[in-house]
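This briefing covers side-chain packing and backbone geometry. Please have the sequence and the model open while reading.

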Amino acid sequence: MLRKILETIGTRYLVALLNLALIFINAKILGIAGVGMVGLIVASINIAIIFNGILSGGTLVYFMNRYSMRAILPLAYLWNFVGSALACAALAAVGMLPRAYEADIYLLAILNSLVTANSRFLLGNDRVKGFNLTFLLQGGSLFFLLLFLYYGLRHADVRAYVWGLYLANGIALVVSTALLVPLWRRKKSLRDAPPLPRLLREMFAYGLWAGADSLAETLTTRLNYFLIERFCGLGCVGLLDAGTKMSESVWHISRSVSFIEYSQVAKTTDAAEQKRVTLRLFKLTLGAMALVMGGIAAIPEWVYTDYLFDAEFAGMRDVILCLSTGIVALGCNSVVGHYFIGSGKIPYSAACSGIGLAVLLVAGLFLIPPYGTLGAAISTSVAFTAMLAFSLVQFARQTATTFREFLPNRSDWAYLRQALRRAKA
């Protein structure tokens, strides 16, 4: 299991490094207002993807261990078109859909969700290399495509970034579909799916909770973009987005761990094994994220203003410091949350995300008008910490876990050393 985690983390950090370099290039090419617009576009796409996740994403991993791939994958594909339309309509109704990019957000949400469906099926079938390759193409190729568009074709604007998203996701969709073909053709090993109405009811019953959970979590991580744009303008969104992207690079650790954990938890009904896997991965994630986040927080301000970005982005280090506690908290919460999702206890994860969203709204409305970008960063950290506190309390109650069990001990270090030796072998 550790080898798969390390491979996944390695792939994600390769993409993270390319995306980090892309942040610097975008800052130079698009300016702080352009970075802000890109942040709003990507945030809108991510919200639309959550609507699609009702029958896609984690729902696929859960049901693929129960029914035939041929029964559930087409439903997920078709729902992506409906979910994207519903999401864009909802965003437009509340004035959160960026003007002039409405059609692009709809199409990119569909494209991205199709790639997500394919990659989750690869992961659920233990095709970790195919899963990582899909992610690498989707995220990593964007860097090279945008270099070509910005410098080769000299399209140095937000529209070029949007075209880069089309191309990167299109490449990932073609490759991931090709990787799925052998799985589609193989002989069915699971029981046949129930009639379509019943299957849809089962998937919606699971997916609506998962979708509500993901939507609330995504809004918790990105709603501040729209609040700060309303109170302070696109320039503040650009500063917040740059600081957030720098900090969120740490999440590649927790996301890689969570993907593997979810697959492991969903495959077993043994409560003791589910608890053991979750606690071990929680402690591994906490230590790794705290270490990496500490390194990022130690970077001095002048590195951002003089080298990585420019003077427009003054205040980056303060934003990162305000976000740091929350970033580590949400990364650890992701591990605990995937225990709830993988064991079929989605309402707890959804309630956690709902609490985070409520805390963010209250904190943001109080802190953003007087303190601007820093107020948004602080409110984000407060919300993420509240989510982790709720998840740990619920996990402890359900699994009879004591506080000491959440802390690393000698057996964890011994396990880590042994697993690292096996991974190198």
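In this predicted model, Phe309 has contacts with Ile23, Phe24, Ala27, Lys28, Ala242, Tyr304 and Met316, leaving aside residues up to four places away in sequence.

**Nonpolar cores**

- The largest nonpolar core has 94 residues.
- Five of its residues touch the most other members: Ile41, Tyr161, Phe309, Phe313 and Met316.
- Another core, of 26 residues, lies apart from the largest one, and its members include Leu60, Ala117, Leu123 and Leu199.

**Ala100**

- Ala100 is not a glycine, yet its phi is positive, at about 75 degrees.
- The residue sits in the loop that joins helix 3 (69-93) to helix 4 (102-124).
- Ala100 counts as exposed because its relative accessible area is 57%, and the cut-off for exposed is over 50%.

**Arg154**

- Arg154, also a residue other than glycine, has a positive phi near 60 degrees.
- Its place is the loop between helix 5 (128-152) and helix 6 (158-185).
- With a relative accessible area of 69%, Arg154 is exposed.

Key:
Residues are numbered from 1 along each chain as its sequence is written. This is a predicted model: local features need pLDDT of at least 70, side-chain atom pairs count only at pLDDT 80 or more; totals for chains, interfaces and linings use all residues. Side-chain values use heavy atoms; hydrogens and water are left out. Helices (H or I, at least four residues) and strands (E, at least two) are DSSP runs, numbered from the N terminus. Buried means under 20% relative accessible area, exposed over 50%, partly exposed in between (1.4 Å probe, protein chains only). A nonpolar core is a set of buried Ala, Val, Leu, Ile, Met, Phe, Trp, Tyr and Cys residues joined through side-chain atoms within 4.5 Å. Contact means heavy atoms within 4.5 Å.
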